[in-house]
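Trainee: Please take me through this protein. I want to know what stands behind each term.

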Amino acid sequence: MNIIISWKNVWRNKVRSGVIILAIAIGLFGGIFTNAFFIGMTNQRVESAIKYETANLQLHHPSFLMDESINNGLANTSEQVNKIKDISGVKGISLRLTETGMAGTAEANAGVMINGINPDEELKVTRIYEKIRFGEYLKASDQIGMLIGKKLSEKLNAEVGDKIVLSMADGQGEVVYGAFKVKGIYDTNNHMFDGMQVFVNYNDLQSLLKTAPDYYTEVAISLNENEMTADVKATIIERLQKEVNTHEIVVEDWSEIDPTLKLLVQSMDYFAWFFISIILIALAFGIINTMIMVVMERTREIGMLMAIGMNKRRVFSMILWETVFLSFVGALMGMLLSALSLQFFKNTGLDLSIVGEGMNAYGLDTVIYPKAGLDFYVQIGIMVFITAIIASIFPARYALKLQPADAVRQ
């Protein structure tokens with residue numbers, strides 16, 4: 001009976017109830033959509049990094065983590081790769097020879113990271129080929145061919161067909177030079193990556209650096225699903241532990257390769273819940289204020305109910321259910337509105353190309369696809385319920401302090 005009475009009481013003043021319900025709905029809609037926006041942005045940044053930059057996993061010599069020198073590589077790498085290539089979930093493995101150096105044209109110079117790759121292997125690991133804007137992807141048959149990023153091409157004022165001189169130090173510390181022809185220019189929407197990374201054929205770079213056959217500084221591994229990263233990493237470590245020289249190989253996942261990505265994911269999680277909490281606290285004060293006004297307007301009515309035998313527990317229950325109903329109607333409207341909006345932007349995306357330069361500088365795409373899972377909506381519902389209960393305590397205590405005799409005379 002108390003529940004039915006409370007539901008009817010909510011609609012006794014439709015304007016006031018409508019205003020607070022609308023406030024709750026708009027507040028939650030804003031909070032959920034903002035959170036979904038940041039989740040979508042974070043997920044896209046991580047997926048982009050995995051697809052175009054780091055892959056899911058990488059293998060290095062321990063010394064390479066401290067000093068990315070050509071001398072800190074892995075010898076007889078193919079033997080190690082043969083032990084892990086048949087692991088379930090592994091999509092592709094790319095062996096790379098990397099070295100820092102300088103890229104120069106007649107007009108400018110820039111520091112770069114030079115990646116010696118097998119183009120056919122790299123196709124299965126990263127998707128740079130999807131981002132070729134000018135020219136074509138590197139082929140294994142290309143002689144002194146190279147891929148550069150759009151940002152680097154702008155720095156060097158280089159176009160497809162132009163020659164770029166790469167200079168670097170070999171294993172003995174001697175500076176070596178090589179002239180390469182630009183075969184393609186890619187654009188991943190990450191200015192830092194596009195301005196630093198160049199790709200050449202492994203054989204060409206090996207000839208310049210005079211490294212031993214089957215010698216690589218990096219092994220990049222892509223997986224069929226990003227969610228498999230932790231399991232595959234554990235399996236690789238387990239297999240390599242059976243070998244005598246296990247301590248000479250370090251296995252890292254994308255979050256260890258680029259710690260800023262891990263920090264981004266964690267900070268966005270904290271920010272999202274902090275933002276939602278602030279909104280709910282603000283809404284709680286609005287609900288408390290509204291319910292106290294309701295109790296004050298119905299002081300005589302509550303006094304009469306208490307005078308004819310309604311105990312304090314039932315009075316408290318009535319105020320509690322009114323607050324819960326008021327909060328949940330607003331919450332359902334807000335969640336429904338946000339779900340419809342997210343469904344729309346799920347396909348079209350939110351175009352922020354107006355600030356594209358700034359976003360690309362941090363490796364972010366200009367089109368964001370907001371995302372919120374069912375579990376997030378369930379958590380929001382629980383938080384709204386807890387907020388409603390807490391908010392009902394103050395007006396309920398005010399009602400319980402009323403003296404029936406005094407209240408009836410008001």
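Predicted model: local features only at pLDDT ≥ 70, side-chain atom pairs only at ≥ 80, totals over all residues.

Trainee: Why is Thr54 called buried?

Mentor: Buried means under 20% relative accessible area, exposed over 50%, partly exposed in between (1.4 Å probe, protein chains only). Thr54 has 6% relative accessibility, so it counts as buried. Thr54 sits in helix 2 (residues 14–54). Helices (H or I, at least four residues) and strands (E, at least two) are DSSP runs, numbered from the N terminus.

Trainee: What does Thr54 touch?

Mentor: Leaving aside residues up to four places away in sequence, Thr54 touches Ala49, Trp254 and Ile257. Contact means heavy atoms within 4.5 Å.

Trainee: Why is Asn76 called partly exposed?

Mentor: Its relative accessible area is 43%, so Asn76 is partly exposed. Asn76 is in the loop between strand 1 and helix 3. Its phi is near 50°, a positive value in a residue other than glycine.

Trainee: What makes Asn157 partly exposed?

Mentor: A relative accessible area of 45% makes Asn157 partly exposed. Asn157 lies in the loop between helix 5 (150–156) and strand 6 (163–169). Asn157 has a positive phi of about 55°, although it is not a glycine.

Trainee: What is the largest nonpolar core made of?

Mentor: A nonpolar core is a set of buried Ala, Val, Leu, Ile, Met, Phe, Trp, Tyr and Cys residues joined through side-chain atoms within 4.5 Å. The largest one has 44 residues. Met146, Ile148, Ile164, Leu166, Ile221 and Ile236 have the most contacts inside it. Strand 2 (residues 90–104) gives this core its largest share, five residues. A second, separate core has 28 residues, including Leu280, Met291, Leu342 and Ala396.

Trainee: Why might nonpolar side chains be buried together?

Mentor: In soluble globular proteins, they tend to be.

Trainee: How do you know that the span of helix 8 agrees with its number of residues?

Mentor: The expected span is 1.5 Å times one less than the number of residues. For the 12 residues of helix 8 (residues 229–240), that should be 16 Å. The end C-alpha atoms are 16 Å apart, so the two agree.

Trainee: Which residues of helix 8 are buried, and how do you know that they share a side?

Mentor: Thr229, Val232, Lys233, Ile236 and Leu240 are buried. They cover an arc of only 105° around the axis, so they are on the same side of helix 8. The arc is that of the directions from the helix axis to the C-beta atoms. The face turned away from the buried side carries exposed Ala230 and Asp231.

Trainee: What covers the buried residues of helix 8?

Mentor: The cover includes strand 2, strand 9 (218–223) and helix 9 (254–257).

Technical notes: Residues numbered from 1 in each chain as written. Heavy atoms only, no water.
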